[in-house]
Amino acid sequence: MNLRDLTAALYLDAEQLQGGTRIVRSPIDGAEIARLTDDTPETADAKIAAAAEAFKGWRLVPAPRRGELIRLLGEELRAHKEALGSLVTLECGKSIQEGYGEVQEMIDICDFAVGLSRQLYGLSIASERRGHRMTETWLPLGPIGVISAFNFPVAVWSWNFALAIVCGDPVVWKPSEKTPITALACQALFDRAAARFGDAPVGLSSVLIGDRSIGERLVDDRRIALVSATGSTRMGREVGPRLAQRFARSILELGGNNAMIVTPSADLELAVRAIVFSAVGTAGQRCTSLRRLIVHSDVYDTLVPRLKQAYAGIPIGDPLDKTKLVGPLIDRDSFDGMARALENAAGEGGTVTGGRRVLADQHPDAFYVEPALVEVPAQTDTVRHETFAPILYILRYDTFEQAVALQNDVPQGLSSCVFTTDLREAERFLSASGSDCGIANVNIGPSGAEIGGAFGGEKETGGGRESGSDAWKAYMRRQTATVNYSDALPLAQGIKFG
Ligand code: UN1
């Protein structure tokens, strides 16, 4: 399907995609695909005001009824999975299988949120006072701001959106400047769900188009109770303190520098498959991408040549072509960053395999690269830095303690994994002295998390949690209530007063 067919299938207004000054390009060939009109400070303010107004009514709608709206959104996503998945691929360059997978992730979180809408459970707490009852209740928080990145242009929004809506909170979304069309498509699908729902308030969902200055309005606006931001650690360093300044809540999902430890007992066949998927999938542009491989000396000389062989056969090219596994990098800056990192690693004693630009004749304005393997003598600053590209650094280890120490000795703490068939190693990896990451897997790569678990990580990854488990609690305010149904007024702690 071409862009025109896709936009029609997703109910996008063709006029909305033309006539503006924000040029959107497809990383597949670098061609211009749209010219959008940016929000102005005035239109952004109007959208935030509408969200604040919508909150007043939406918070009173029973949560299971709010869940019905997300059920309808899930239906729209199911019906339009192919079109939206293709648009994701067109706009961010991930393989078509991953484009569909991303929409599936949205469908899954909608299902999760529908169930959740009947399970926003609080607590009943034993009061120390006679004739008193204590409870803890979860109440809607307020309008939520979502700032998302290009690499998961729609799924990360949906993790926040589906939960926020059932929790009673309107959402204002600032998508990446590189992927605004998919955001408008999500809004169009939501509008259809809302029309079927009937009485959803205006302003429950809106999209802000523009650069970071528009995102900053969301961060600084007192009407926005929580900002959930996904992106670089650099972005988080700006957004986090600004939100803290006004005592707003934040969910930060920032950089990752995810490792795999391959132990002597590992199933190497399984490990190779996991390494390839998690290091080269999405062209190394997932926050959970595998970036460091920590291999035991005993299996190093078996594993690394096998990996080089697997890398040599990876089909690179047009991500809309189902036979290609690796698509382009998002843009030239990304390619330059990769080239710089490879140069630095080589300067620090690393041996680079792959990493060259390919298909440049065919696509002079697109950036396809061979995924790179870099054998490094030590965990240098280059290795400890997250480069958002398909570079896999390979390190050796001799003792399990050494491997865990290497895995943890980076500023980021998102995802991690160990390949082992030794129960003790697996359990140690998951223990208090094991991986320090928010996600820790055994015999599974670090990427491709399911929505049912809480997603996020520690240290410079920002500490936020989204998606499954009890991540919904971040979108609500907790109220501890004590009711006195006696005819006395006993004070807590047994205090006598008068
Ligand atoms: C991201 O890259 O920002 O675990 C999110 C995964 C996906 C989500 C990645 N489910 O790879």
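1. A backbone N or O atom of Ala449 sits 2.7 Å from an oxygen atom of the ligand, a polar contact in the sense of a pair of N or O atoms within 3.5 Å. The protein covers 99% of the 330 Å² of accessible area that the ligand has on its own (Shrake-Rupley method, 1.4 Å probe).

2. A word on the model: it is predicted, with local features needing pLDDT of at least 70 and side-chain atom pairs pLDDT 80 or more, while totals for chains, interfaces and linings use all residues. Numbering runs from 1 along each chain as its sequence is written, and side-chain values use heavy atoms, without hydrogens and water.

3. Thr288 brings a polar side-chain atom to 2.8 Å from an oxygen atom of the ligand, and a polar backbone atom of Cys287 is 2.8 Å from a ligand oxygen atom. The residues around the ligand (a heavy atom within 4 Å) also include Glu105, Asn151, Phe152, Trp159, Arg286 and Phe455.

4. Now to the second largest pocket, with about 550 Å³ of space. Here a pocket is an open set of points on a 1 Å grid over the protein atoms alone, where a 1.4 Å probe fits, with protein on both sides within 12 Å along at least five of seven lines; lining residues have an atom within 4 Å of a point. Its volume is the space filled by probe spheres set on the points. Of its 31 lining residues, Glu98, Phe152, Phe277, Arg286 and Gly448 lie nearest the centre.

5. Helix 5 (96-116) gives the largest share of that lining, 7 residues; helices are DSSP runs (H or I, at least four residues) numbered from the N terminus. Domain 1 (3-254 + 462-481) and domain 2 (258-442) both contribute to the lining, so this pocket lies between them; the domain bounds come from an automatic or database assignment.

6. The largest pocket has about 1,500 Å³ of space. Its lining counts 43 residues, with Lys178, Gly231, Ser232, Arg234 and Met235 nearest the centre. Helix 8 (212-220), helix 9 (233-245), helix 12 (332-347) and helix 13 (381-384) each supply at least two lining residues.

How values were computed:
Polar contact = N/O pair within 3.5 Å; in protein donor to acceptor, adjacent residues only side chain to side chain.
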